[in-house]
Amino acid sequence: MNMNALQDFISVITHGSFSAASRATMTPKASISRRIRLLEDELQTRLFERTNTGFALTSEGTMLFERIKPLVNELTDIKTDMMERAGSPTGKLRISVPPVIAFDTLGKLAARYRELYPLVELELIADSRLVDPIREGFDAVIRVNPSVNEDMIGIEIFKETLIFVASPKYKDILDSGNDAAKLPFISIGKHWKPNKISTILAGEKKDFNVNTELYISSPFITRSTLLSGVGSALLPEALVSYDIKENRLVYLGQSEQPELVLWCLYPSRRYVTGRLKAFINLLKETFKQNNSFSN
């Protein structure tokens with residue numbers, strides 16, 4: 001199959017019409033139409049059905065689009081990388097990030113990336129939804145403690161210890177020695193409702209009874225809630241270490257829960273472009289320097 005014809009086919013679908021594809025690619029509309037007709041002749045099937053409002057994909061056209069788009073994009077990326085080896089990365093880089101991680105840190109990273117690689121169109125999309133990077137066209141996703149996925153390759157970016165902290169408002173409960181007393185607890189995420197939090201405090205195991213009263217998806221909002229006098233929570237140590245030092249929060253020990261690990265994931269079957277490699281390297285460098293989840 002002709003590579004130019006396949007690129008034209010994808011461009012028409014992506015931009016919504018033959019005319020729009022022509023303008024976007026600066027290719028004569030007649031040339032696009034001719035190449036797609038030749039592609040249909042080669043495949044012996046119709047890819048488009050004409051409608052009153054433009055066109056619609058046939059079932060065969062839909063199948064072709066879903067199969068070849070990742071392949072054509074990958075070949076284009078390889079071609080771009082080969083052409084820019086002596087220069088700077090170019091093209092578009094689309095990254096999905098969860099709202100729970102450091103916006104300040106990622107903002108600084110984006111500014112630095114733009115400074116180093118001005119020819120790359122960087123798009124950071126914050127979304128609590130677990131996107132499908134392959135179907136939705138993301139080059140990579142950043143995730144906290146992701147589940148195993150054979151379609152994705154992961155690079156560990158940052159690791160942080162979780163500690164148990166509480167508002168000083170509950171110091172009387174903590175000092176009472178009443179093992180039955182329960183601390184109001186804020187769960188980061190809506191699926192976890194513990195009755196007990198186990199920590200290591202002063203070298204010894206310590207159990208705290210808790211009553212889950214709030215569910216907040218962001219550690220930064222959770223911290224703000226604690227500082228306002230409500231609740232206890234498990235939070236990254238770097239996020240609250242200064243609050244503990246200034247006695248704004250009470251330290252209740254290091255959690256026995258797994259560490260909080262930040263990963264950058266990208267499709268295992270997709271070519272890793274120079275622009276993505278540069279982003280991952282800068283991501284690791286930025287978090288290593290900051291050594292925290294800055295708010």
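This is a predicted model: local features need pLDDT of at least 70, side-chain atom pairs count only at pLDDT 80 or more; totals for chains, interfaces and linings use all residues.
As for its dimensions, α3 runs over residues 29–43, which makes 15 residues. From the first C-alpha to the last, α3 reaches 21 Å, close to the 21 Å expected at 1.5 Å a residue. Just after α3 comes Gln 44, with a positive phi of about 55 degrees.

Now step back to the chain that holds this helix. The protein chain has nine helices and 13 strands. Of its 295 residues, 41% count as buried. If you take the contacts with a separation of 6 or more, 74% of them are between residues 24 or more positions apart.

From here, let us follow the strands. Five of them form an open sheet, and going across it you pass β4, β3, β5, β13 and β6 in that order, with mixed pairing. The edge strands are β4 (120–126) and β6, each of which pairs on one side only. On average, neighbouring strands of this sheet are turned by 20 degrees against each other, direction ignored.

With β4 it pairs in the parallel sense over seven bridges. Along this pairing, Lys 92 stands opposite Glu 121 in β4, and Ile 95 stands opposite Leu 124 in β4. β3 also pairs with β5, again in the parallel sense, over two bridges. Here Ser 96 has Val 141 in β5 as its bridge partner.

Ile 95 also leads us to the packing of side chains. In soluble globular proteins, nonpolar side chains tend to be buried together. The largest nonpolar core in this model has 22 residues, of which Ile 95, Leu 276, Phe 279 and Leu 283 touch the most other members. Which elements give two or more residues to this core? They are β3 (91–97), α5 (103–116), β5 (140–144), β6 (152–160), β13 (260–267) and α9 (274–290). The largest share, seven residues, comes from α9. Leaving aside residues up to four places away in sequence, Leu 276 touches Leu 93, Ile 95, Asp 139, Ala 140 and Tyr 266. There is also a second, separate core, with 16 residues that include Ala 5, Phe 9, Leu 47 and Leu 64.

One last stop is Gly 107, which you will find in helix α5. Is Gly 107 buried, partly exposed or exposed? Its relative accessible area is 39%, so Gly 107 is partly exposed. Buried would require a value under 20%, and exposed a value over 50%. From Gly 107 you can look across to Leu 124: the two are 17 residues apart along the chain, and their C-alpha atoms are separated by 9.4 Å. Leu 124 brings us back to the sheet, where Ile 95 of the largest core stands opposite this residue in β4.

How values were computed:
Residues are numbered from 1 along each chain as its sequence is written. Side-chain values use heavy atoms; hydrogens and water are left out. Helices (H or I, at least four residues) and strands (E, at least two) are DSSP runs, numbered from the N terminus. The expected span of a helix is 1.5 Å times one less than its number of residues. A nonpolar core is a set of buried Ala, Val, Leu, Ile, Met, Phe, Trp, Tyr and Cys residues joined through side-chain atoms within 4.5 Å. Buried means under 20% relative accessible area, exposed over 50%, partly exposed in between (1.4 Å probe, protein chains only). Contact means heavy atoms within 4.5 Å. Two strands pair if DSSP finds at least two bridges between them. Axes are lines fitted to C-alpha atoms, for helices over the stretch in contact, and angles run from 0 to 180 degrees between N-to-C directions.
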